[in-house]
Amino acid sequence: MGTYRRSQRRNCGLLLLQIIFLLFVGKRAFAQIRYAVPEEVKEGSVVGNVGKDLGLDVLLLSTRRFRVVSGSNEALFEVNQDSGDLLVHKKIDREDLCQGSGACLIDLKILVENPLEMHYVIVEIADVNDHSPSFPEKEQEFEIFEQTLPGARFQLHSARDPDAGSNSVRNYMLTPNDHFDLDIRQSDDDKIPFLVLKKSLDREQRTNHLLHLTAVDGGKPRRSGSLNISIIVLDSNDNRPKFSQDTYEIEIQENVPFGTLLYKLSATDPDEGVNGEIEYSLGKTLKKKVYDIFELDKKTGEIKVKGILNYEEHDVYKLDVEATDKGTPPLNGVCRLNIKIKDMNDNPPEIEITSVSNTVSEDSKPGSVIALLSITDKDSGQNGKTAVSMTSDVPFELKSSFKENIYSVVTKGILDREEVSEYDITITVTDCGDPPLSHMKTITIRISDVNDNSPIFLQNPLLFYLPENNPAGMSIFSVSATDKDEDGNADISYKLAKEGSKKDILSFININAENGQISALKSFDFETLKTFQFQVVATDSGTPSLSSNVTVNVFILDQNDNAPVILYPLSSNGSAEGVEEIPRNVNAGHLVTKVRAYDADIGYNGWLLFSLQEVSDHSLFGLDRYTGQIRTLRSFTETDEAEHKLVILVKDNGNVSLSATATVIVKLVEPKEAFAASDVKSAAKDDEEDNVTFYLMITLGAVSVLFIISMIVLIAMQCSKSTDYTSKYLQEANYDGTLCHSIQYRSGDKRYMLVGPRMSIGSTIVPGSHANTLVLPDRRKTSEEVMLVSYSNMRL
């Protein structure tokens, strides 16, 4: 009962503070709604339409999870999310909830979400006259000495009625008789009946009297209870035990140990002998719990603690103590001991998480409500005052509500899931007692991802080297991007960008949208296409989606797929064959002719070597391995044949070398004939030289055009990347009789060059490069990757 009385007093105080707060704050404060409902109403009864009274949209109540927050207590009320009605959830017994005659108020927390709002509703439980007054015993017996003078008072049992207000005990009625009257003494909030002797008793006329005491409440209809009073008329003991004062006041702290002495009562009786011997006892009309907490020594009058004293349950105990002598009949005296319980700080404050959003979007604005919580402390006064704090190194803060001890956790900064994806927020509440008590509760908040990061390529631009003659439709390389977001926001798809890429390039390049694998729809030919560029777009699956581009530069690497072409002697009918006439009198070392050949490949693949595959006399002719020059090894003799056939094999230096053959017929003639024939041959040779010169001009023109295009592409690439370096050409490989190429490029801190047969001084062959790649000494400080392509001059 004490707990609810204190709760009622606190509610009244809070209500008064809220009214004052509303007068000063005005519209910024939330008004409380108050309803009244009688106890014992049926389950499902409507208390009021709280949805409309709070000004909420009834159609959105279900979506916003409109509900009553009951905390740890069993819910007495619930709301209908379709209509907004506040309903009785279970049968209400006011006497179980609130003991006493004060107002019985129930504080309800009404919660709605999206956005989070908390409203406060007070429901007053009206009392119903559902209990009748009752006495602790059905019969009370008195033994009264016949010499007792009129005016003697005898305390009767008080009736108890758990109902409140007018429904509690209002009056007592005594059976009409000649000897006794009824006197009612008002004590605090209860009425104590006394039997008053108005006429002396005569034992010789009547030895006992039977009376009925009726207690009536003020309800409609009225309820009543009765007590049978039996009076036995005896003789003698004419002095009552008497206490020094009618009421004693003491104060004791709660939670004192069992056996603690509270007070020692003492009464006196002037009678002698057994009539003056006194025994003490507690009144029979006290609540049962009092007998469980206190014990009274009947001989010494010492009152001790034998149960738990808890201020939060009861702050005052009123004990009626009787002192009875052993006379015949026994007489007694009565006093009241008021025991006030002093509050101690024995209850730690508690944190109740009313509502919490465990997942918060990283784009939430500062001030977004994350959780609602309420603080309670069962102690009172300074012991019940609390201070709340939370973890300081988090982007959240506590904000107090207009109602005391109600707080909200809100965002105070920008959230970034990519930096911190989860926070553990520790909330600590400490009371102001001595020593202070505290309580902690941890809330885990997970930050949900939003699409705020674009896919990223680790390198831009990308360089890929692709050997020519790749299988059409096969994957040639892949691109990959990363995204700091998660789930769908990090799912990346790839596509070729139309901007920044030539249409003809896109026609033979395809990309797998899921994994970035790039495949060529055709086979590349180094001799036709040496480099190309395109862009890839990586797009995530967020809403809205984000994307980024990467430039891909592809360099085609040469393979030995072109056989040497014989330029001289000229080919006819699919074979190269020429006739050379020389005088017999030439000396050793005479140049007979020179076989000229060309290979469209570059580097070692285009490096040609000449060898005699077939010769009629090995002692007569020699072939230069590199230039293709055929010279005499000695002078001719009369015995040497007049005609010699030489078959020359021309092959490149690829891993799998390709070759071609040329046949030279050498005829020996007399000097005069040789001179005459030389004039004829000179004319024919002029025509032949003209044809060869024409073909060479066409070849040189084509090579020059390819060179100019390559230089333009190279300059454009370098301008788009960096001007930190300039193109440099290596000394061209120069060997007679062969049209050759050289290619120079840079990767990291090394320079590479594919060359012909004559290597540069100080260069080395790179392992695994088919023996046609040189590593040159680096004379530059930068490590950026550059490719320079040059074509050497053709020397015939």
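These legends describe close-up views of a predicted model. Local features need pLDDT of at least 70 and side-chain atom pairs count only at pLDDT 80 or more, while totals for chains, interfaces and linings use all residues. Residues are numbered from 1 along each chain as its sequence is written, and side-chain values use heavy atoms, with hydrogens and water left out.

**View 1. An open antiparallel sheet of 4 strands.** The order of the strands is S24-S26-S29-S28. Strands are DSSP runs (E, at least two residues), numbered from the N terminus, and two of them pair if DSSP finds at least two bridges between them. Strand S24 (350-356) and strand S28 (396-400) stand at the edges; each has a single partner strand, so one side of each is left without a neighbour in the sheet. From one strand to the next the twist averages 30°, where axes are lines fitted to C-alpha atoms and angles run from 0 to 180 degrees between N-to-C directions.

**View 2. The pairing of S28 with S29.** Strand S29 covers residues 406-411 and pairs with S28 in the antiparallel sense over 5 bridges. Leu-398 stands opposite Val-409 in S29.

**View 3. Strand S23 with S16 and with S22.** Strand S23 (residues 332-342) runs parallel to strand S16 (residues 247-253), to which 7 bridges join it. Glu-251 stands opposite Lys-340 of S23. Strand S22 (residues 316-325) is antiparallel to S23, and 9 bridges join the two. Arg-336 in S23 is the bridge partner of Asp-320. S22 and S23 form a hairpin, with 6 residues between them.

View 4. Pro-435 lies in the loop between strand S30 (422-431) and strand S31 (438-448).

**View 5. Positive phi at Asn-255 and Asp-487.** Asn-255 is not a glycine, yet its phi is positive, about 60°. Asn-255 is found in the loop between S16 and strand S17 (261-264) and is partly exposed, with a relative accessible area of 39%. Asp-487, in the loop between strand S35 (481-482) and strand S36 (492-496), has a positive phi near 55°. Asp-487 is exposed, at a relative accessible area of 58%. Exposed means over 50% relative accessible area and buried under 20%, with partly exposed in between (1.4 Å probe, protein chains only).
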